[in-house]
Amino acid sequence: MKNFIQSIALTTILSLLTTFSFAQNKYSVTVVVKGIQQRQGKVYASISNDANSFPRGGGIKSAIAEVTQEGEVTLKFENILEGKYAIVLYQDLNDNKQLDMNGEMPAEPFGFSNVTMLMGPPSFEQCAFDLNENKTLAIGLMAF
């Protein structure tokens with residue numbers, strides 16, 4: 001009988017530990033793209049939690065939205081685990097599915113989470129935000 005009770009107690013404790021260790025909250029991030037000057041092409045965005053590969057790395061998820069003739073352009077990242085993230089996006093004006101460059105400078109509009117003005121490429125920390133609830137972020141496009 002003692003072994004039976006110990007088995008039940010151990011099973012209960014292991015179940016609780018498994019539930020708590022694997023049950024991580026997932027959230028959504030909605031991005032509203034601001035400052036669209038040219039109403040053409042698509043907006044490509046990537047969300048990253050890796051400071052070492054940001055902003056050039058692929059990120060953990062990508063999203064694409066068509067630029068419409070009027071209204072806001074929104075992108076949505078869903079089922080993102082709680083954590084620290086940064087977003088990079090660009091408007092692909094010529095449909096070649098990449099950010100065109102003019103030397104070291106982007107030739108197409110681009111933007112980052114939490115950055116409205118640049119003095120060189122931003123770091124992950126400058127762009128990062130904590131995701132612990134569903135969020136909506138406004139990201140403005142910049143162009144040179």
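**Charged pairs and cores**

Lys97 counts as exposed, at 54% relative accessibility. Please note that we are looking at a predicted model. Lys97 forms a salt bridge with Asp95, the closest N and O atoms being 3.9 Å apart, and Asp95 is partly exposed at 46%.

How many salt bridges does a search of the whole structure find? The search finds 3. In another of them, Glu72 and Lys34 meet at 3.0 Å, N to O. Glu72 lies in the loop between E3 and E4 and Lys34 in strand E1, so this pair ties together parts that are 38 residues apart in sequence. Lys84 also pairs with Glu125, again with a closest N to O distance of 3.0 Å. Because Lys84 sits in strand E5 and Glu125 in helix H2, parts 41 residues apart in sequence are tied together.

Let us turn to Glu108, in the loop between strands E7 and E8. Glu108 is buried but has no salt bridge; Lys97, the nearest side chain of opposite charge, is 11 Å away. What does the side chain of Glu108 reach at 2.8 Å? It is the backbone nitrogen of Leu93. The Glu108 side chain also reaches the backbone nitrogen of Asp100, at 2.9 Å.

Finally, the nonpolar packing. The largest nonpolar core has 23 residues, and Val29, Val31, Val33, Phe77 and Ile87 touch the most other members. Strands supplying at least two residues each include E1, E4 and E5. A second, separate core has 12 residues, among them Phe110 and Phe124.

Note on methods
Residues are numbered from 1 along each chain as its sequence is written. This is a predicted model: local features need pLDDT of at least 70, side-chain atom pairs count only at pLDDT 80 or more; totals for chains, interfaces and linings use all residues. Side-chain values use heavy atoms; hydrogens and water are left out. A nonpolar core is a set of buried Ala, Val, Leu, Ile, Met, Phe, Trp, Tyr and Cys residues joined through side-chain atoms within 4.5 Å. Buried means under 20% relative accessible area, exposed over 50%, partly exposed in between (1.4 Å probe, protein chains only). Helices (H or I, at least four residues) and strands (E, at least two) are DSSP runs, numbered from the N terminus. Lys and Arg count as positive and Asp and Glu as negative; His and the chain ends are not counted. A salt bridge is a side-chain nitrogen of Lys or Arg within 4 Å of a carboxyl oxygen of Asp or Glu. A polar contact is a pair of N or O atoms within 3.5 Å; within protein, one must be able to donate a hydrogen and the other to accept it, and residues adjacent in sequence count only if both atoms are side-chain atoms.
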